[in-house]
Amino acid sequence: MGASDDLPVVRTLAELTDLVQRHQGLYVRWSRGPGTDLADVSRTSSTDELTGTPMPGLSANPLDVEDWWGDRPVRVWAARRLHDYAHLPHDKGPGVRAWVLTGRETARGPDNEPLVADARPMCWIAPEVIDEARAEVERQAHPWGPLRRGVR
């Protein structure tokens, strides 16, 4: 697949869970999409918002389940990975959505997030999946909120 925004769409949390179980090295990115992010291959990178410094890759979050998670439900893992950053469409403006990619981790960004080079888009994540993720997180025994920075 190229940088086109014409990608398959994951429409349920179950579909995303299945994808995470079948593939290693997946990341979720919140942006206006691969058509924007990968349009200029010579400068495919994210920018540190605080300093304006270009970073060596696209800021993304890993979907791989960590060993310490044990035999806990992958569905909850995937839900949490989405829920943690579900505030980004609101914060970043119109057109920002979640999409899944693979690539090569080149470094870490200022929030310790992976920076991914050689990104290959796999699919969009439908907004309904974000709603399902939120509901799944809310069903857990302990309260949890997204990783949204406080407003001053």
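The numbered points below describe the fold, the packing and the aromatic residues of a predicted model.

1. Overall architecture. The chain is built from 5 helices and 6 strands. Followed along the sequence, these elements come in the order β-α-β-α-β-β-α-α-β-β-α. Of the 152 residues in the chain, 41% are buried. Among contacts with a separation of 6 or more, 71% join residues 24 or more positions apart. The accessible surface amounts to about 8,800 Å², and carbon and sulfur atoms contribute 51% of that area.

2. Helix α1 spans residues 13–22, and its buried residues are Leu-13, Leu-16, Thr-17, Leu-19 and Val-20. These residues lie on the same side of α1 because they cover an arc of only 160° around the axis. The face of α1 turned away from the buried side carries Gln-21 and Arg-22, both exposed.

3. Partners of helix α1. The buried residues of α1 pack against strands β1 (9–10), β2 (26–31), β5 (97–108) and β6 (114–125), and also against helices α3 (74–83) and α5 (127–138).

4. The largest nonpolar core. This core has 26 residues, and those with the most contacts inside it are Leu-16, Trp-30, Leu-82, Val-100, Ile-125 and Val-129. Two or more residues are given to the core by each of α1, β2, α3, β5, β6 and α5.

5. Setting aside residues up to four places away in sequence, Leu-82 touches Leu-16, Val-28, Trp-30, Ile-125, Val-129, Ile-130 and Ala-133.

6. The structure holds 3 aromatic pairs. In one of them, the rings of Trp-68 and Trp-69 have centres 5.8 Å apart and planes at 75°, so the pair is edge-to-face. The pair of Trp-68 and Trp-77 is also edge-to-face, because its planes stand at 65°, with the ring centres 5.8 Å apart. Ring pairs link Trp-68, Trp-69 and Trp-77 into a cluster.

7. Trp-69 counts as buried because its relative accessibility is 8%, a value under the 20% limit for burial. Trp-77, at 9%, counts as buried as well.

8. The surroundings of Trp-77. Trp-77 is placed in helix α3. Leaving out neighbours within four places in sequence, its contacts are Leu-63, Asp-64, Val-65, Glu-66, Trp-68 and Trp-69. Asp-64 is 13 residues from Trp-77 along the chain, and the C-alpha atoms of these two residues are separated by 9.0 Å.

9. Arginines over tryptophan rings. Two arginine placements deserve attention. Arg-72 has its charged end over the ring of Trp-69, 6.0 Å from the ring centre. Arg-97 lies over the face of Trp-124, 3.7 Å from the centre of that ring.

Notes. Residues are numbered from 1 along each chain as its sequence is written. This is a predicted model: local features need pLDDT of at least 70, side-chain atom pairs count only at pLDDT 80 or more; totals for chains, interfaces and linings use all residues. Side-chain values use heavy atoms; hydrogens and water are left out. Buried means under 20% relative accessible area, exposed over 50%, partly exposed in between (1.4 Å probe, protein chains only). Helices (H or I, at least four residues) and strands (E, at least two) are DSSP runs, numbered from the N terminus. The arc is that of the directions from the helix axis to the C-beta atoms. Contact means heavy atoms within 4.5 Å. A nonpolar core is a set of buried Ala, Val, Leu, Ile, Met, Phe, Trp, Tyr and Cys residues joined through side-chain atoms within 4.5 Å. Rings of Phe, Tyr and Trp (its six-membered ring) pair if their centres lie within 6.5 Å; planes under 30 degrees apart count as stacked, over 60 as edge-to-face and the rest as tilted. A charge sits over a ring if NZ of Lys or CZ of Arg is within 6 Å of the ring centre and within 35 degrees of the ring normal. Accessible areas come from the Shrake-Rupley method with a 1.4 Å probe; for residues, only the protein chains shown count as cover.
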